[in-house]
Every structure is written in C-alpha cells, then in structure tokens.
Amino acid sequence: VFAAAIAQVAPAASRDETLPMLTGIRFDFADDKVTMAATDRYRIAAREYDWRPERPGFTAAAMVPARVLVDVARSLRGGEVAVALGDGVAGFESVGRATTVRLLDEQFIDYRSRLAGAWSVRADLRVAPFIEAIKRVALVAERNTAVRLSFSEGRVLIQAGAGDIGRGAEAVECHLTGDDLEIAFQSHWLLDGLAGVEGELVRLNMESATRPALISGVPGDADPDFRYLVMSLRLG
C-alpha cells in the first residue's frame, strides 16, 4: 500500500526547486489513518490508507521530498513498512532496509477543503479504455495540446488538435449524471490522475468548463481513497 500510494501521489508534486514546499509529499497522521498529498498548483493528489501507530491517538504532519520517496518506494522489497519521525527527519524501514530523509518545511496548502465540495455533473467510465483513447487522440495532436472532453449521456467524445492536420477524435462509453458538459485538460495531467485509479471504473466529478474536476474511483468498484483534483483549461 505504501509504495502504491507514493506512485499515485508523487506525479502531482512540483519539480520547481524555487518552491520547496511543493516538491514534497505531505503526510498527515491521524490515529490509524495516514493521508499523503502533493500539488504543483495545477493539480492535487491525495491518498488515504490505514496504518498501525505505535501509540494510539498519534497525530503528526511531515513533508518528505517526493523525489526521495519515489526512490524509497523503488527500493522496497515487499512486506510492511515502518515509519518513524524525528527532529526534522523521517525514517522508513522494510525487510531490513532502512532510509533516513531530511524533512521539508511543514507549510502546505489546505488540500482537504479543495478536494471537498458538491458536484453537479458526474461521469463514470471504464478507466482502461478511457486512458487508451486519450493517448491515441493526444498522439495525433501537437505536443501539449489540450484534450477536450464532450460529455453526453452514453458517451464522451475525446478531441485534440485543430485543422485538418494533427486532429484526433474518439468516443468511449460513459454513464452521465447531470447536464451535458464540454471541458478541456492538459493531457498528461489528466492521464496522471487516471493512472492512480485502482479499480476498473473511474468517476469524473465536474461543475463547469472553467472549474477543476475531481477524479476518483467509483464507490462499490474500488474504495475512493484516492482523489485527484485537476485544473481545467480554457476552451478555445
């Protein structure tokens, strides 16, 4: 679970070293729950999971460099991971292998309030076909071109590019609750969020074309402990 959570959250961490607090993964320990979160200002990824604290009622927060955590996750050999917090440092140990890292400043955004909210439009899709369709459409268009999603009952039309050259379009099935909606995203931001969904189905919670969308699993298919808020782009 520990390595999987890092893989889900780390893509949202910033690589801009001039903003150190955005280059880390935030750990919030609250009794038997841990939440990891990361943001680069354009998306927020968060994953909650269970753990067994040595002291009941334990609460703490820590900011660990994302780059270091990714290396730690790669080095894990399976089994349980022990986490220890000290004065400005954190330790991770699994199957006899231990790593100690220096923590970043604890300052971080209020990510919980941004991930909460009411959504008037909800689309449920099979995640694998959705990912593959986005990749095919984005491949045809120019690099960093926005991917436009046009949701209607029964399907979502995925489009990218403009003109006769470098334009792609493909439709996949979806179940829509709410009004039809057209919204656009940077393709790799969208794909990073979809890749974090562990079940067969993904849910996109939306409000309007100008507001961020929340990606999660679908209750009943997978526990939606992973949430990914991604900024939408202005439609041309």
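I began with the ground rules: residues are numbered from 1 along each chain as its sequence is written, and side-chain values use heavy atoms, with hydrogens and water left out. Because the model is predicted, local features need pLDDT of at least 70 and side-chain atom pairs count only at pLDDT 80 or more, while totals for chains, interfaces and linings use all residues.

I looked up the domains, whose bounds come from an automatic or database assignment, and found domain 1 at 1-114 and domain 2 at 117-231. Their C-alpha centres lie 27 Å apart.

I then checked contact (heavy atoms within 4.5 Å) and noted that eleven residues of domain 1 touch twelve residues of domain 2. The buried area, which is the accessible area (1.4 Å probe) lost by two parts on being put together and summed over both, is about 1200 Å², with 48% of it from carbon and sulfur atoms. Within domain 1, I noted that Gln8, Tyr42 and Arg43 lose the most area to domain 2, together giving 45% of what that side buries.

Next I searched for salt bridges (a side-chain nitrogen of Lys or Arg within 4 Å of a carboxyl oxygen of Asp or Glu), and the rule finds two across the interface. I also looked at the pair Arg47 and Glu198, which forms a salt bridge with its closest N and O atoms 3.5 Å apart.

Last, I turned to strands (DSSP runs of E, at least two residues, numbered from the N terminus) and saw that strand 3 gives the most to the side of domain 1 that touches domain 2, with six residues.

Methods: Helix = DSSP H or I, 4+ residues; strand = E, 2+ residues; numbered from the N terminus.
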